[in-house]
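User: I would like to go through the pockets and cavities of a model. Please take them one at a time.

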Amino acid sequence: MVLEQEKELTTDLLPFLRVRKDGTVERFYNPQFAPPSLAETYDDVWSKDVIISPEVSARIYLPNKTITKLPILVYYHGGGFCIESAFSILCHQYINTIASQANVLVISVDYRLAPEHPLPVAYQDSWTALQWVAKHSTNGHNTHDEPWLVQHGDFNRFYIGGDSAGANISHHMAMRAGTEGLNGGVKILGAFLSHPHFWGSKPLGSEPVSSRETSLLYRTWMLVYPGAPEGIDNPCINPFASSAPCLAGLACGRLIVCVASEDELRDRGVRYYDAVRDSGWEGELAMFEDEGEGHGFHILNPENAKEMFKRLAGFLQNC
């Protein structure tokens with residue numbers, strides 16, 4: 001009985017995971033992994049896995065009918081900063097579709113997850129990956145360079161993007177690029193944020209007014225970033241907080257925000273679009289909304305997302 005009490009729960013995020021007082025993390029959602037596609041596939045995309053640093057790895061996707069330099073997309077997966085992987089079946093199928101339809105070279109980043117690696121680790125891993133990709137713009141003769149990037153990547157058409165927590169990461173990568181710059185002077189041509197994972201203490205639009213501190217979104221944030229200054233209004237999760245940097249600092253020339261009408265995060269995405277528009281940011285801004293769909297539907301049910309894939313492909317093809 002004493003042992004059981006010592007292991008009583010501190011955080012319960014069912015059906016995904018729970019954490020006990022002794023620090024034990026019990027994961028109930030363990031995604032199935034897909035191998036890279038080293039031979040011709042149904043969507044004509046090759047893929048392989050690469051190690052970026054001792055902590056960070058990625059899967060690179062290359063349309064196998066490549067005859068010219070391709071746009072580059074650095075992609076960050078979702079999962080509330082605590083679940084999912086760049087190597088899961090869901091992510092693999094989704095990025096295969098984007099690479100094929102948009103004819104882009106994609107680097108899908110596998111960053112470390114909380115609670116074992118609490119934030120801001122995922123942001124740092126994501127920045128490490130972004131800088132690793134960008135450095136290939138000036139190299140090409142180093143034996144450690146990735147040949148697909150050197151031979152097939154067009155660094156004048158450099159994009160970042162992500163879904164849910166990955167969209168949150170993409171926002172912060174664009175902000176950091178504005179203050180620190182990327183290797184080789186690479187500029188981010190565009191960014192897409194799909195169903196961005198933002199939240200805050202004050203409700204927006206149709207968000208629930210009561211019980212916000214018991215919601216899954218609140219409890220997840222407190223788990224993945226324990227001790228975050230300002231808590232749920234930390235600028236990492238709330239880009240509209242008083243302490244958040246001005247959104248005019250986004251270092252990308254084009255931006256599209258995708259939302260879904262039945263997504264709990266929908267109004268945050270719309271507010272983000274409005275805030276960027278009103279910030280004085282000088283890029284090309286767009287928003288796309290899917291009616292009758294929920295959070296991440298395009299990954300879970302891609303057959304329902306043909307229009308969204310079409311819009312993203314057009315965005316990445318700059319048309």
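User: What volume does the largest pocket have?
Analyst: The model is a predicted one. For its largest pocket, the computed volume is about 700 Å³.

User: Which residues of its lining are the closest to the centre of the largest pocket?
Analyst: The lining of the largest pocket holds 31 residues. Those closest to the centre are Gly79, Gly80, Ile83, Ser164 and His295.

User: Which elements give two or more residues to the lining of the largest pocket?
Analyst: By class, this lining divides into 14 nonpolar, 13 polar and four charged residues. The elements with two or more residues in the lining are α2 (89-102), α6 (216-224) and α8 (297-300).

User: Which element supplies the largest share of the lining of the second largest pocket?
Analyst: The second largest pocket has a volume of about 210 Å³. Two elements, α3 (121-135) and α5 (165-180), each supply at least two residues of its lining. The largest share is four residues, and the element that supplies it is α5.

User: How many residues in the lining of the second largest pocket are charged?
Analyst: Among the residues that line this pocket are Tyr123, Gln124, Arg176 and Asn234. The lining has seven nonpolar and three polar residues, and the charged count is one.

User: How many charged residues are in the lining of the largest cavity?
Analyst: The structure holds one cavity of 30 Å³ or more, and the volume of the largest cavity is about 30 Å³. Its lining consists of His171, His172, Met175, Pro235, Pro239, Ala244, Pro245 and Leu247. Six of the lining residues are nonpolar and two are polar, and the number of charged ones is none.

Conventions. Residues numbered from 1 in each chain as written. Predicted model: local features only at pLDDT ≥ 70, side-chain atom pairs only at ≥ 80, totals over all residues. Heavy atoms only, no water. 1 Å grid on protein atoms, 1.4 Å probe; cavity = no way out; pocket = protein on both sides within 12 Å on 5 of 7 lines; lining within 4 Å. Points joined across faces, edges and corners; volume = space filled by probe spheres on them. Nonpolar A, V, L, I, M, F, W, Y, C, P; charged D, E, K, R; others polar.
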